[in-house]
Amino acid sequence: MDSDHSEAVRQVFRNQLPRKNDFYSYKPPPEQPPPAAGASVCLQLKSGTHLCRVCGCSAPKICSRCHQAHYCSKEHQTLDWKWHRQTCSPAGDVSDVIPDHSFLFPEYEIVIETEDEVPAEQEEEEEEEGEHVDSVGDASEEDLESMAKHETREDEIFQRFKAKIALEPEQILRYGRGAAPLWISGENVPREEDVPNCPCGAKRIFEFQVMPQLLNLLKADSLGRSVDWGVLGIFTCVDSCALGAGYVEEFVWKQDVTDTA
């Protein structure tokens, strides 16, 4: 997904491989401690396309001095020079020093757990706490009644959202293929016709959502660009079609925190 200050551009792609494939090992990686301090960590693939040392994208450019470090652009080569110059020589090993580029997102392990149900009495308490309507000054009785109903409904939705995530405040993804998303607001919720069909002709259904807590872990503000969301709902092909060997674009719906206002 990509985003900017003004008009956000959001894209999500699906790629599905059988467990036995030509790219990844059939066996999961071993659960063992990280290498001891000072151990060399290889940053380049031993075969296949070369990847940029900075961002991991395809790297058609190469360091003219050592012919070992690969980059996607001159800008990333310049950015990496602080680290690469320590080993930049024909006899050097570019994997000896791990770059620490601050604009890259940190890596984490995602732990998957089944969600517990929220106790009914807790949901009732949360809803009662949210049933409060501020004074709006001079307004007609009809307008006050309409606003009160709207705010009460929004409060209930938001309180239900908070009650659900309170069981695991640090959750970053909620997976439930075919289930109902947990929206943060009653505003800007997609209708069935808002979700386009897959290019194969099949409908798309909800599969998972990205939670706002992920922004804190990624330290998105350190990028110097505005990145924000309330809920990102991901809808994928109900048939999990295979359209070629590459990536298939799916559909993402962005609900902002401001939609709760």
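1. Start with Glu250. Glu250 is buried because its relative accessible area is 5%; buried means under 20% relative accessible area, exposed over 50%, and partly exposed in between, with a 1.4 Å probe and protein chains only. Glu250 sits in strand S7, residues 248–255. Strands are DSSP runs of E with at least two residues, helices are runs of H or I with at least four, and both are numbered from the N terminus.

2. A word on the basis. This is a predicted model, in which local features need pLDDT of at least 70, side-chain atom pairs count only at pLDDT 80 or more, and totals for chains, interfaces and linings use all residues. Residues are numbered from 1 along each chain as its sequence is written, and side-chain values use heavy atoms, with hydrogens and water left out.

3. The overall layout comes next. The protein chain has 4 helices and 7 strands. From the N terminus, their order is β-β-β-α-α-α-β-β-α-β-β. The chain holds 261 residues, and 30% of them count as buried. Contact means heavy atoms within 4.5 Å. Among contacts with a separation of 6 or more, 63% join residues 24 or more positions apart.

4. Which strands pair with S7? Strand S1 (residues 12–14) runs antiparallel to S7, with 3 bridges between them. Strand S6 (residues 231–237) also pairs with S7 in the antiparallel sense, over 5 bridges. Pairing requires that DSSP finds at least two bridges between two strands. Val12 has Glu250 as its bridge partner in S7, and Phe235 has Phe251. S7 is mostly covered, with 7 of its 8 residues buried.

5. Back to the charges around Glu250. Side chains of opposite charge can pair when their charged atoms come close. A salt bridge is a side-chain nitrogen of Lys or Arg within 4 Å of a carboxyl oxygen of Asp or Glu. Glu250 forms one with Arg204, where the closest N and O atoms are 2.6 Å apart. Glu250 is in strand S7 and Arg204 in strand S5 (residues 204–210), so the pair ties together parts that are 46 residues apart in sequence. Both Glu250 and Arg204 are buried. A network of salt bridges links Arg14, Arg204 and Glu250.

6. Arg191 bridges to Glu193, with the closest N and O atoms 3.7 Å apart. Both of these residues are exposed. Arg191 also forms a salt bridge with Asp194, at 3.2 Å between the closest N and O atoms. Asp194 counts as partly exposed because its relative accessibility is 23%.

7. Last, Lys61. Lys61 is found in strand S2, residues 61–62. Is Lys61 buried or partly exposed? Its relative accessible area is 41%, so Lys61 is partly exposed. Setting aside neighbours within four places in sequence, Lys61 is in contact with residues including Ala69, Tyr71 and Lys74. Lys61 and Leu51 are 10 residues apart in sequence, and their C-alpha atoms are 9.6 Å apart in space.
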